Amino acid sequence: MSESMTDFARATQEILLAGQRMDARGWVPATAGNISRRLPDGRIAITRSGCHKGFLKAEDVITVNGGGIAHRPGDKPSAETLLHCQIYQQDPTAGAVLHGHSVASTVLSMIEKSPALHLADYEVQKVFEGQTTHEASVPVPLFENDQDIARLAQKVTPFFGTMPAGYIIRGHGVYVWGKDMPTALARLEGLEFLLACLLERRKLGQ
Ligand SMILES: CSCCC(=O)C(=O)COP(=O)(O)O
Ligand SMILES: [Zn+2]
């Protein structure tokens, strides 16, 4: 097996396990969500469009170039591939990207009319990039949903460097990334925990 095949096989296993974990938490209902991993040679391993992320098979992971074009003709990558490519392009440290559609991210982003949610006073916010204290306020930008993913990506571009917890697409879901899959998963779990806390507090009228 060549070195690049080994990297792809390892990334594929990480993507399959991440899909199972996200499914177990209820964050990728039906065929929602997508998952990717940057390979050392610059290719991006990403889920095929339309697969259930809890039941991914190795053949459901394919590779695209930095512009989101599949290396193998006929392969159909995630409909949101350009958002993954954008993160890898804008953040050279990013090695894994996770996108989910949790109840909390969907409901909160539809209730909240301002352009961001703010996470403050929670110990868990230290899971995010550069965060060392609960005393900080971590903004999570909210972008309007758009079926034109290239146009949506343009709206996100100016925010890179200011999104330690990722971002949310209104009525749609979260995007989170990290240097590797464990880091991205930890950030997703941290963000989803905090969104669930915010939702509980809203229900309590706080
Ligand atoms: C049924 S969810 C609608 C599409 C979506 O938002 C998503 O995350 C999954 O799309 P993909 O093409 O990656 O399967
Ligand atoms: Zn989606």
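Over residues 13-199 the chain is 31% helix and 21% strand, with the end C-alpha atoms 33 Å apart; helices (H or I, at least four residues) and strands (E, at least two) are DSSP runs, numbered from the N terminus. This is a predicted model, in which local features need pLDDT of at least 70 and side-chain atom pairs count only at pLDDT 80 or more, while totals for chains, interfaces and linings use all residues. Residues are numbered from 1 along each chain as its sequence is written, chains are lettered from A and ligands numbered from 1 in the order in which they are written, and side-chain values use heavy atoms, with hydrogens and water left out.

The zinc ion (ligand 2) is coordinated by Glu80 (OE), His99 (NE2), His101 (NE2) and His172 (NE2) at 2.1 to 2.5 Å, where donors are N, O and S atoms within 2.8 Å of the metal (3.2 Å for Na, K and Ca), and sites may look incomplete as water is not among the atoms. Along the chain these donors follow the spacing E-x18-H-x1-H-x70-H. Histidine 101 lies in the loop between strand E4 (96-100) and H3, and histidine 172 in the loop between E7 and E8, so the pair ties together parts that are 71 residues apart in sequence.

The table gives the accessibility of this pair, where buried means under 20% relative accessible area, exposed over 50%, and partly exposed in between (1.4 Å probe, protein chains only).

| Residue | Relative accessible area and class |
|---|---|
| Histidine 101 | 22%, partly exposed |
| Histidine 172 | 9%, buried |

In helix H3 (residues 103-111), the buried residues are Ala104, Ser105, Thr106, Leu108 and Ser109.
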